Amino acid sequence: MDSGGRRPLGQPSVYPGAWQKRSASAANGATVSSLSSRNKKHGATRPRDEAGRAAIAGGLSKRLADTYTLYLTTHNFHWNVTGPTFNTLHLMFMEQYTELWNAVDPVAERIRALGHPAPGSYAQFGRLSSIKDVPESPPAALDMVRILVDGHEAVARTARGIFPLAAKAGDEPTADLLTQRLGVHEQTAWMLRSLLELRRERQAAAQSSSSMCFGQLLFKSFESARSASTLPPVWQRAQ
């Protein structure tokens with residue numbers, strides 16, 4: 001290595017040269033900047049009023065309990081779904097429970113940034129959640145979809161209830177977090193409802209087809225009975 005810290009071509013580097021130190025410094029600077037930005041978003045900015053922080057943290061704790069309960073329910077349905085729609089729902093539920101699992105941390109970290117402990121036990125989640133626990137006996141596939149629709153709508157309602165608290169306290173990071181999560185839950189509920197609507201359309205089409213087949217069968221039976229009869233048609237008897 002020469003006096004300027006440059007590594008000659010073909011020579012392995014044991015100690016970092018000046019070019020490596022500059023790269024490492026830039027990388028560390030980017031990491032610190034990224035962490036600073038994240039802390040500013042989720043931790044450094046918080047309401048000064050302790051009562052306001054406590055109220056928001058309490059609302060977010062319910063939001064966290066709802067999210068975790070819905071995550072467990074979705075994961076359970078991923079394991080236990082059966083029937084002709086197994087492949088579709090099995091994969092869809094996996095995508096949804098993965099998204100919910102990744103959503104838990106930001107909510108808990110925001111509670112901690114407000115200066116309050118985040119709930120993390122099943123007992124606490126059971127008291128705080130507005131969502132019922134998953135049924136012990138796995139329901140039918142479409143009933144699973146209905147339960148998840150109700151779950152996402154419940155989480156959205158809980159989130160909306162926190163907005164007035166965040167607005168009153170000027171808590172922009174919490175409002176931003178809630179806005180992002182509301183979009184996810186509303187979109188997921190819409191996608192799940194679409195499956196139920198498609199099912200209803202298919203059932204209606206099947207019933208319509210069945211009614212037509214029954215009408216055709218009835219007409220053919222009537223024609224067969226009339227042709228087998230010794231009496232002439234009504235118009236001929238009228239003559």
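This is a predicted model: local features need pLDDT of at least 70, side-chain atom pairs count only at pLDDT 80 or more; totals for chains, interfaces and linings use all residues.
Start with the aromatic rings. Searching the whole structure gives six aromatic pairs. Take Tyr71 and Trp101. Their ring centres lie 5.3 Å apart, and their planes meet at 45°. Pairing requires centres within 6.5 Å, and stacked planes would be under 30 degrees apart, edge-to-face ones over 60. The pair of Tyr71 and Trp101 is therefore tilted.

Now place the two residues in the chain. Tyr71 belongs to helix α2, residues 50-80. Trp101 belongs to helix α3, residues 86-113.

Tyr71 has 11% relative accessibility, so Tyr71 counts as buried. Trp101 has 46%, so Trp101 counts as partly exposed. The cut-offs behind these labels are under 20% for buried and over 50% for exposed.

Together with Tyr68, Tyr97 and Phe125, they form one aromatic cluster.

Turn next to the second largest pocket. Its volume is about 210 Å³. The lining of this pocket counts 14 residues. Ile131, Lys132, Ile147, Asp150 and Gly151 are the ones nearest the centre.

Which elements give two or more residues to this lining? They are α2 and α5, the latter spanning 141-169. Helix α5 provides the largest share, six residues.

Conventions. Residues are numbered from 1 along each chain as its sequence is written. Side-chain values use heavy atoms; hydrogens and water are left out. Helices (H or I, at least four residues) and strands (E, at least two) are DSSP runs, numbered from the N terminus. Buried means under 20% relative accessible area, exposed over 50%, partly exposed in between (1.4 Å probe, protein chains only). On a 1 Å grid over the protein atoms alone, a cavity is a set of points where a 1.4 Å probe fits but cannot get out, and a pocket is an open set with protein on both sides within 12 Å along at least five of seven lines; lining residues have an atom within 4 Å of a point. Grid points are joined across faces, edges and corners, and a volume is the space filled by probe spheres set on the points.
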